[in-house]
Amino acid sequence: MKNGEVSNGNFSEDHSWITRALILMLIDIVIVNVSFFIALMVRFDFRYTQIPAEYLNHFIRYAPIHTVYSILVFYACRLYHSIWKFASISELGRITLAVIMISIFQVIGTLLFGTRMPISYYVVGIMLEYCLLIGVRFSYRFVRFIYRRNNQYFSADKLSNTMIIGAGEAGRTIARELINSNQLDNRVCCFIDDNPNKHGRRLEGIPIVGNRETILKNVERYKIHNIILAIPTATTEQKRDILQICKMADCKLMTVPGLYQMVKGEVSVNQLREVEIEDLLGRDQIKVNLDEILGYVQNQVVMVTGGGGSIGSELCRQIASHRPKKLIIFDIYENNAYDIEQELKRHYKNEIEAGELEILALIGSVRDIKRIDDIFDTYHPDIVYHAAAHKHVPLMEASPNEAIKNNVFGTYNTALAAGRNGVKRFVLISTDKAVNPTNIMGASKRMCEMIVQTLNKHFDTEFVAVRFGNVLGSNGSVIPLFKRQIKEGGPVTVTHPDIIRYFMTIPEAVSLVLQAGAYAKGGEIFILDMGEPVKIDDLAKNLIRLSGYTPNVDMMIQYTGLRPGEKLYEELLMAEEGMQDTENKMIHIGKPIEMDEEKFMLSLTELKDACNQNADNIKELVSKIVTTYHYQA
């Protein structure tokens, strides 16, 4: 846009606002004069000829002064700046203040002019002026409300009937926005609330029909299409219990943000999101005091291998927020490394420019010992989070040598370099598949645990491992696969109807890894208490219901059979490891298993030679090292 030009859109909006303000000002001029003239007429029984000339002349002479003063007071009280359709208690308060100021001036002004008007003139005039001012400003909202309600009534067949669970502030806000918006195609039919004192009452004109036990009955009664869970203060268990009922209703489910957004006033229709499968996990997400535990990260050089992956990138975000001196993002895939590097550089631009933080993305493979040694020699990291690994079970079953090369010897290279270069802490990202493994990926991760426990005895570095289950939303998670299959119309594929897994979210996984870094004394395997395992079949059915379909009716489920190396259930702990508690009740420590270290290291040498030659019997060789590994020949 050139200098001197005015945007047509902005000019139009400003012009429209000024026009409405001028119209309102003209209406106010009429109101302040007509109110007191009617008051004078009331005093003399609406007989104009009976009004004494003294009163009438005084009214006419004083009217211009009263009008100008009234308009100035209205402007000072910002009565011409409000948006009519949102007129509320705030506007009512400003009108009240303005009328009080005008009334005082009216009484004093008439006395100063030398004429005392009848008391009824003041009382009736002030009351009438107050009522008309309020009526004009709230009439637009009232008419708009009636129009919206009538429009919903006559267009009922085109609208989606909506139920709101939670007749509190969040529910009221959502209902009000749905009622007032012409752009939304939802009609709020009823509220559900567990507070019996609210039952039978109305909120925003909408009935509160019962508690959660009546959800299904009222879904049928009001022919509900959408359900909105509007209880931002609900615990995970409460939310799960309510959603377990809702998912049987074959309705689209949505929820509001959490309590933090509610406090900030951010709850609106725009913040509504579809209910995710994480909402049905059935336990609170793990919480840690990051400010307390990440004190050891400040002013340190921190390196994250696999820093571009789902877990690695979240680690980088959390670590960067606690001001390390330098954050090294190490990954073999340059696109992911570049993306997280640029994200962090944008977010921490001021800290980087001030020299308080340095973010560096380096490309390379943990299998390249020379590259690893060069990085440690050059940057001297204080803390290393080792997230680089091949994790896809079926793919690793088809390429077992690659699993060993990358996972086992990539870990060995990185951990050995950490020990030799005096790294303070080395945290290995492991998996529950390392427990009694039935696949090469799990067996390779168990060997990684054995490596860090062995090296912990030979270096000052505190080597620890963190073991957790499936991560929702990570690369390879079943949830994105299920969502994609549902979007494509199905079928949704499940390997076995009885297969179960432990699940956690990415923030939980990262919290556990960071907590392990704080608790580390060396040699531990940290384990998250992830509650009860979840049946993948139930997970698929719940996700289908949350998407508005009926399992095996609108959306079919197809059982494909267990994949190579896959077992029906996962374990978090081997029997011989035992369990120790930590300060965080959700985090436990598995006791290291004693082993013949000399024999183990010799076996690693033989295994390395074999996998470099792409041996056909690599699984058999691994089973001799990891005695709990049961593979399929």
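**Burial and helix packing in a predicted model**

Reader: Which residues does Asp28 touch, not counting those up to four places away in sequence?
Author: Leaving those close sequence positions aside, Asp28 touches Ile71, Phe74, Tyr80, Leu133 and Arg137. Bear in mind that this is a predicted model.

Reader: Where is the place of Asp28?
Author: Asp28 lies in helix H1, residues 8-43.

Reader: Why does Asp28 count as buried?
Author: Its relative accessibility is 0%. Buried means under 20%. Asp28 therefore counts as buried.

Reader: What makes Met254 count as buried?
Author: Met254 has 14% relative accessibility. The cut-off is under 20%, so Met254 counts as buried. This residue is in strand E6, residues 252-255.

Reader: How far apart are Met254 and Ile227, in sequence and in space?
Author: In sequence, 27 residues separate Met254 and Ile227. In space, they are 6.3 Å apart, C-alpha to C-alpha.

Reader: Why is helix H10 described as largely enclosed by the rest of the structure?
Author: H10 covers residues 310-320, and ten of its eleven residues are buried, so the rest of the structure largely encloses this helix. The buried residues are Ser310, Ile311, Gly312, Ser313, Glu314, Leu315, Cys316, Gln318, Ile319 and Ala320.

Reader: What share of the residues of the protein count as buried?
Author: Of 633 residues, 50% count as buried. The accessible surface comes to about 30,700 Å². Carbon and sulfur atoms hold 53% of that surface.

Reader: What makes H15 roughly parallel to H16?
Author: H15 is residues 400-420, and H16 is residues 440-455. Their axes cross at roughly 15 degrees and come within 9 Å. Angles under 35 degrees count as roughly parallel, so H15 is roughly parallel to H16. The crossing of H15 and H16 is right-handed.

Reader: Which classes do the residues of the contact of H15 with H16 divide into?
Author: The contact of H15 with H16 has 14 nonpolar residues, three polar and one charged. On the H15 side, Ala403, Ile404 and Val408 are among them. On the H16 side, the contact residues include Met447, Cys448 and Ile451.

Reader: Why are H15 and H21 called oblique to each other?
Author: H21 is residues 618-625. The axes of H15 and H21 come within 9 Å and cross at roughly 45 degrees. Roughly parallel needs under 35 degrees, and roughly perpendicular starts at 65. An angle between those limits counts as oblique, so H15 and H21 are oblique to each other. Pro400, Asn401 and Ile404 in H15 meet Ile618, Lys619 and Val622 in H21. These residues divide into four nonpolar, one polar and one charged.

Reader: Which residues in H16 and H21 meet?
Author: Ile440, Ala443, Met447 and Met450 in H16 meet Lys619, Val622 and Ile625 in H21. By class, the contact of H16 with H21 has six nonpolar residues, no polar and one charged.

Reader: How many helices and strands does the protein have?
Author: The protein has 21 helices and 22 strands. Among contacts between residues at least 6 apart in sequence, 76% join residues at least 24 apart.

Notes. Residues are numbered from 1 along each chain as its sequence is written. This is a predicted model: local features need pLDDT of at least 70, side-chain atom pairs count only at pLDDT 80 or more; totals for chains, interfaces and linings use all residues. Side-chain values use heavy atoms; hydrogens and water are left out. Axes are lines fitted to C-alpha atoms, for helices over the stretch in contact, and angles run from 0 to 180 degrees between N-to-C directions. Helices (H or I, at least four residues) and strands (E, at least two) are DSSP runs, numbered from the N terminus. Angles under 35 degrees count as roughly parallel, over 145 as roughly antiparallel, 65 to 115 as roughly perpendicular and the rest as oblique. Contact means heavy atoms within 4.5 Å. Ala, Val, Leu, Ile, Met, Phe, Trp, Tyr, Cys and Pro count as nonpolar, Asp, Glu, Lys and Arg as charged, and the others, Gly among them, as polar. Buried means under 20% relative accessible area, exposed over 50%, partly exposed in between (1.4 Å probe, protein chains only). Accessible areas come from the Shrake-Rupley method with a 1.4 Å probe; for residues, only the protein chains shown count as cover. A crossing is left-handed if the near helix is turned anticlockwise from the far one by less than a right angle, and right-handed if clockwise.
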